[in-house]
Amino acid sequence: MRGKDVLVVAGAGETQDVILSAVAAHELDAEVVTDLEQVAGPWRSAGTVLVADDQAERLAARALPHRQDVFLVGPDPGELSAWSAPLSARVIPLPEGGAWLASILADGSGRARAPVVAVVGGSGGVGASTLAAAIAQVAGERPVRDGPRGAALVDVDCLGGGIDLLVGAERTSGWRWPRLNGAEGHLGDIRPYLPVVDGVSVVAMSRGPTVDLAREPLAAIVGALRTWHGLVVIDAGRTLTPATREALRLANRHLVVVARGVRGAAAARQTVATLGLDRAELVLRSGPGGLPTDVVADAVGRPVVTRLPDERGLAAAAERGEPPARGARRGYRRVVAALVDQLAGTGPGYG
């Protein structure tokens, strides 16, 4: 049974006031619990859990089952961090974390409904960025029965060289992350400010000094993109940065691209464990030799959702700046199109 949008575990005071004001601003349905004898039920059923610092120690002592989307909120980052691991919770310090709190709550509002897909390489060089771009391109080409049209492609891999190169948008005018890194809270329609290729709005890294991409602007940008697009695809990278972790938190689906060999499966298993991708679905790259599909699934401990055919022309297309789905043969496009059908099922329907 679905519970309230938000469970607020907080005693009366300033932190509770800040949380409830933010919840009310997003027109969400909240349940406030101060008697921890009553917390077990809503803990399991609420969409998001916000715990004030004054309740963290008592709540941790109850050893509640692990769940996602738990956040500790309060003015003392040190106190919050002390209870982050026991509660498997992210820390939102106040007042500086107010914008991130707003972005998190925006995920639960009716204004942000498009599915978000994060693509991760199980190991280096397996084509995760190529698949992310191809999914966004195929989705961007499709008509939509209702709701927003087009797709967005978000680059979070600070070491990837900029995904705009992969889709041929390096000379297309529009804002990159350095210009967007100050975003926070609620944003309007940012499509006019972004490079667009084949119906895909692209948020790319720039080439030059490394951008210290923070979770707050990423949450704000993705929240805005979800409002104005039918699908948002994130090239999440494989680092342990706050931005990568936030990208994975924001995503409804996690796709891990796996090389078919023994080392590829072993690396993917380590990636899944390190990034905590307990909902990951595997995309298996075909190729000569390698392990059978069921063996890879057993080795990694996650299901295989599809197999990508070997497409040798993709590397050459990328060097020419030709978007993957445009330069691929029919077999590759057909597999990606079927994958988009599955992914779009968590949001507005495609025609």
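**Strands, crossovers and buried elements in a predicted model**

Gly161 is found in the loop between strand 7 (151–155) and helix 8 (163–166); helices (H or I, at least four residues) and strands (E, at least two) are DSSP runs, numbered from the N terminus. This is a predicted model, in which local features need pLDDT of at least 70 and side-chain atom pairs count only at pLDDT 80 or more, while totals for chains, interfaces and linings use all residues. Residues are numbered from 1 along each chain as its sequence is written, and side-chain values use heavy atoms, with hydrogens and water left out. Gly161 comes out as partly exposed, at a relative accessible area of 34%; here buried means under 20% relative accessible area, exposed over 50%, and partly exposed in between (1.4 Å probe, protein chains only). Met205 sits 44 residues from Gly161 along the chain, and the two C-alpha atoms are separated by 7.1 Å.

On to the whole protein. It has 16 helices and 13 strands. Its radius of gyration is 21 Å, close to the 20 Å that the globule rule gives for 351 residues, so the protein is as compact as a globular protein of that length. That radius is taken over C-alpha atoms, and the globule rule is 2.2 Å times the number of residues to the power 0.38. Taken along the principal axes, the box filled by the C-alpha atoms is roughly 60 × 45 × 40 Å. Of the 351 residues, 52% count as buried. The accessible surface comes to about 15100 Å², and 50% of this belongs to carbon and sulfur atoms; accessible areas come from the Shrake-Rupley method with a 1.4 Å probe, and for residues only the protein chains shown count as cover. Among contacts (heavy atoms within 4.5 Å) between residues at least 6 apart in sequence, 71% join residues at least 24 apart.

Next, the sheets. Strands of a sheet pair through backbone hydrogen bonds, either parallel or antiparallel. In this work, two strands pair if DSSP finds at least two bridges between them. An open sheet of five strands has the order 2-1-3-4-5, with parallel pairing. Strand 2 (30–33) and strand 5 (90–93) stand at the edges with a single partner strand each, so one side of each is left without a neighbour in the sheet. From one strand to the next, the twist averages 25 degrees, where axes are lines fitted to C-alpha atoms (for helices, over the stretch in contact) and angles run from 0 to 180 degrees between N-to-C directions. Strand 1 (residues 6–9) and strand 3 (residues 48–52) run parallel and are joined by four bridges.

Strand 11 (residues 253–258) is mostly covered, with six of its six residues buried. Arg253, Leu255 and Val257 point one way from the strand, His254, Val256 and Val258 point the other way, and all are buried. Five bridges join strand 11 to strand 6 (residues 116–121), and the two run parallel; in this pairing Val117 stands opposite Arg253. Strand 11 also pairs with strand 12 (residues 280–285), in the parallel sense and over five bridges. There, Glu281 in strand 12 is the bridge partner of Leu255. The chain gets from strand 11 to strand 12 through helix 12 (residues 262–275), and this β-α-β crossover is right-handed: with the strands pointing away from the viewer, the path from the first strand over the helix to the second runs clockwise.

Strand 12 has five of its six residues buried, so it is largely enclosed by the rest of the structure. Four bridges join strand 12 to strand 13 (residues 304–308), which run parallel, and Val283 has Thr306 in strand 13 as its bridge partner. Here the chain crosses through helix 13 (residues 293–300), again in a right-handed β-α-β crossover.

The buried set is Ala243, Thr244, Glu246, Ala247, Leu248, Arg249 and Leu250. Ala325 lies in helix 15 (residues 324–327) and is buried, with a relative accessible area of 3%. Not counting residues up to four places away in sequence, Ala325 touches Ala134, Gln137, Val138 and Arg333. Of these, Val138 is 187 residues from Ala325 in sequence but 6.7 Å away in space, C-alpha to C-alpha.
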